[in-house]
Amino acid sequence: MGAAIADLVNRTAAAQQLLEQYEQRVADFQAMMDDQSQNPEVSVVRIRADGIFPCVESSLVGQVLEAAGVKRPPAQDVFFGKQSLPRNQLNDSKPILCGKS
């Protein structure tokens, strides 16, 4: 789909360059993770006033994590839609907040 949009706006070369950069970053990340003694399981959630929602496999975040080979909890391999995670499922988790510095 991305290539079709790039064609429509006459930006095919730029789109190809961005795709190659993305693929290189994924490869670099995978190489870094191969050097680690443990590959952690990762959850990404969105916290909103009405609940805590996982970024599931079909989300953009889920697709990026899958491409990078990151393990995710099996419960997040499905589409939750608007369903919030029960708070009791979060009691034993070890949150890591990430952001670009």
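Author: Buried means under 20% relative accessible area, exposed over 50%, and partly exposed in between, with a 1.4 Å probe and protein chains only. Helices are DSSP runs of H or I with at least four residues, numbered from the N terminus. The model is predicted, so local features need pLDDT of at least 70, side-chain atom pairs count only at pLDDT 80 or more, and totals for chains, interfaces and linings use all residues. Residues are numbered from 1 along each chain as its sequence is written, and side-chain values use heavy atoms, leaving out hydrogens and water.

Reader: Which residues of helix α3 are buried?

Author: In α3 (residues 60–68), they are Gly62, Leu65 and Ala68. They lie on the same side of α3 because they cover an arc of only 130 degrees around the axis, taken from the directions from the helix axis to the C-beta atoms. Leu60 and Glu66, on the other side of α3, are exposed.

Reader: What covers the buried residues of α3?

Author: The cover includes α2 (12–34), where contact means heavy atoms within 4.5 Å.

Reader: Why is Leu19 called partly exposed?

Author: Leu19 is in helix α2. Its relative accessibility is 40%, and the class in between runs from the buried limit of 20% to the exposed limit of 50%, so Leu19 counts as partly exposed.

Reader: What makes Arg72 buried?

Author: Arg72 is in the segment after α3. Its relative accessible area is 13%, and buried means under 20%, so Arg72 is buried. Among the residues that Arg72 touches are Glu41, Cys55, Gly62 and Leu65.

Conventions:
Helix = DSSP H or I, 4+ residues; strand = E, 2+ residues; numbered from the N terminus. Lists of a residue's contacts leave out its neighbours within four places in sequence.
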